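The notes below follow the order in which I checked them.

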Amino acid sequence: MRLYNTLTRKKEDFVPLEENKVKMYVCGPTVYDYIHIGNARPYVIFDTIRRYMEYKGYEVNYVQNFTDVDDKIIKRANEENVSAKDIADRFVKEAIKDAEGLNVEAATKNPRVTEEMPHIIEMIQTLVQKGFAYEVNGTVYFDTKSFKDYGKLSGKNIDDLEAGARIEVDKEKKSPVDFVLWKPFKPGEPKWDSPWGEGRPGWHIECSVMAKIYLGDTIDIHAGGEDLIFPHHENEIAQSEAANGKPFSKYWLHNGFINVDNEKMSKSKGNFFTLREIAKVIPYDVIRFFILNGHYRSPINFSRDLMEAAGNGLDRIKNCVKDLSFITLNGKDGDITQDEKNLIDEAVKFKNKFEESMDDDFNTADAVSSIFDFVKFANKNVTESSTKLFAESILSKIVELCRILGVEPLKENKDSEAEEIEALIAERQEARKNKDWAAADKIRDELAERGIVIEDTSAGVRWSRK
Ligand code: AMP
Ligand code: ZN
């Protein structure tokens with residue numbers, strides 16, 4: 001398995017720190033609103049990487065935080081006249097609902113900043129004691145110049161950063177590049193006691209602390225969107241390596257943006273769609289499939305057309321799986337024939353190709369193509385004269401590949417229309433049984449008008465959308 005490591009800027013073989021185990025940390029959302037489609041990308045991508053690693057036999061310890069102390073949470077709490085905790089609790093729940101909708105496996109642990117305060121304070125103390133941080137008037141800053149590797153992830157250098165910094169309004173800092181570890185209390189904000197007075201932590205420290213507590217000083221994979229490379233991940237490396245005296249993460253993975261009109265989708269730009277509003281018109285599994293249709297490091301454009309195309313692609317897989325399921329029930333009894341055995345052997349190539357793509361920096365776009373090729377092969381070779389066992393074998397292989405991507409092709413998006421159609425078909429069957437041909441034909445015509453094709457086969461009725 002090879003993956004692109006942002007830290008070394010090249011594709012590397014994946015060698016875990018501990019045999020068969022993966023310690024993986026993914027930066028999670030700030031919970032002040034529903035997550036948007038852009039936020040859904042890291043959810044889906046890193047979940048897929050995790051699933052693939054599990055498929056390969058690794059035990060993955062997967063930690064993703066919720067940032068539940070933040071200016072935006074406090075602002076919303078004040079606007080709604082509730083506590084910051086109320087806002088955070090509400091949107092943690094909603095984010096989990098969305099993640100479940102996207103079929104994201106539950107994390108091993110979802111730590112929250114407010115629940116880790118003693119550990120956060122402890123790490124800041126260590127940084128102060130070791131001379132990597134200093135306090136001025138209740139604010140603790142990380143002294144970036146004291147950490148010689150500062151800039152190694154983003155490729156930036158402190159002198160350039162200093163030269164590029166605006167004339168510093170904040171005279172407290174030794175360097176404009178220094179960043180906040182702890183800030184003093186302001187009225188109307190949540191606060192905790194600390195050796196530097198009442199206050200709350202800066203943003204970056206939480207991930208260094210949570211990774212250490214739940215995974216250890218050195219982890220295998222740290223991941224997030226590419227906007228986090230600088231400053232967030234750069235600062236995490238500085239904090240963790242300065243405090244622990246050990247390398248922080250062996251591999252750094254970053255997903256590209258979801259763009260709208262070639263601009264990053266973000267709340268601050270106002271060009272965002274919440275996942276919840278989109279999911280009202282496009283099923284969650286189509287959204288997941290849309291995200292998987294691109295390579296995770298490439299930007300993807302959000303558009304209705306592309307979503308529809310993803311939906312059509314997923315339908316192709318679902319229709320195939322539906323046909324195969326039908327044959328597993330209605331095909332021939334008895335042993336698999338020699339020809340079928342040969343076809344099963346031949347079908348190994350789809351799985352091999354799928355794995356090759358995933359082994360090459362998780363190329364889900366190519367992996368999806370292998371599934372489409374497999375579907376074509378199944379449509380051609382599994383017919384009503386096939387044995388049940390052959391259909392079962394091909395079906396289980398297609399479903400297995402889909403599941404690695406977190407796609408459940410057997411799960412029908414039984415919208416209300418599908419239920420209605422099946423009820424009508426049952427009614428028609430009843431009419432035919434009673435030899436009421438006029439009634440049966442009437443239902444058939446009604447369905448045809450709605451674009452539903454029904455097929456009477458020796459083994460029962462099948463329907464599809466035109
Ligand atoms: P935030 O809540 O903004 O901190 O973002 C949570 C996660 O979503 C981070 O990993 C971000 O990098 C990622 N993210 C935010 N916007 C986008 C976007 N438009 N496309 C892809 N990832 C994004
Ligand atoms: Zn983080």
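Before taking down any volume, I note that a pocket here is an open set of grid points, on a 1 Å grid over the protein atoms alone, with protein on both sides within 12 Å along at least five of seven lines. The model I am reading is predicted.

Entry on the largest pocket. I find a volume of about 1100 Å³ for the largest pocket, and of the 34 residues that line it, D315, K318, N319, K322 and R465 are the closest to its centre. I looked up which elements build the lining: α10 (304-330), α14 (416-433) and β15 (460-465) each supply at least two residues, and α10 gives the most, with 16 residues. By class I read 15 nonpolar, six polar and 13 charged residues in this lining.

Entry on ligand 1. Which pocket does ligand 1 sit in? I find ligand 1 in the second largest pocket, where the elements giving two or more residues to its shell are α1 (37-55) and β9 (219-225). The largest share comes from α1, with three residues. The shell divides into seven nonpolar, eight polar and two charged residues, and of these 17 residues G38, G225, D227, I258 and M265 come nearest.

Methods:
Residues are numbered from 1 along each chain as its sequence is written. Chains are lettered from A and ligands numbered from 1 in the order in which they are written. This is a predicted model: local features need pLDDT of at least 70, side-chain atom pairs count only at pLDDT 80 or more; totals for chains, interfaces and linings use all residues. Side-chain values use heavy atoms; hydrogens and water are left out. A residue is near a molecule or strand if one of its heavy atoms lies within 4 Å of it. On a 1 Å grid over the protein atoms alone, a cavity is a set of points where a 1.4 Å probe fits but cannot get out, and a pocket is an open set with protein on both sides within 12 Å along at least five of seven lines; lining residues have an atom within 4 Å of a point. A molecule sits in a cavity or pocket if more than half of its atoms lie within 2 Å of its grid points. Helices (H or I, at least four residues) and strands (E, at least two) are DSSP runs, numbered from the N terminus. Ala, Val, Leu, Ile, Met, Phe, Trp, Tyr, Cys and Pro count as nonpolar, Asp, Glu, Lys and Arg as charged, and the others, Gly among them, as polar. Grid points are joined across faces, edges and corners, and a volume is the space filled by probe spheres set on the points.
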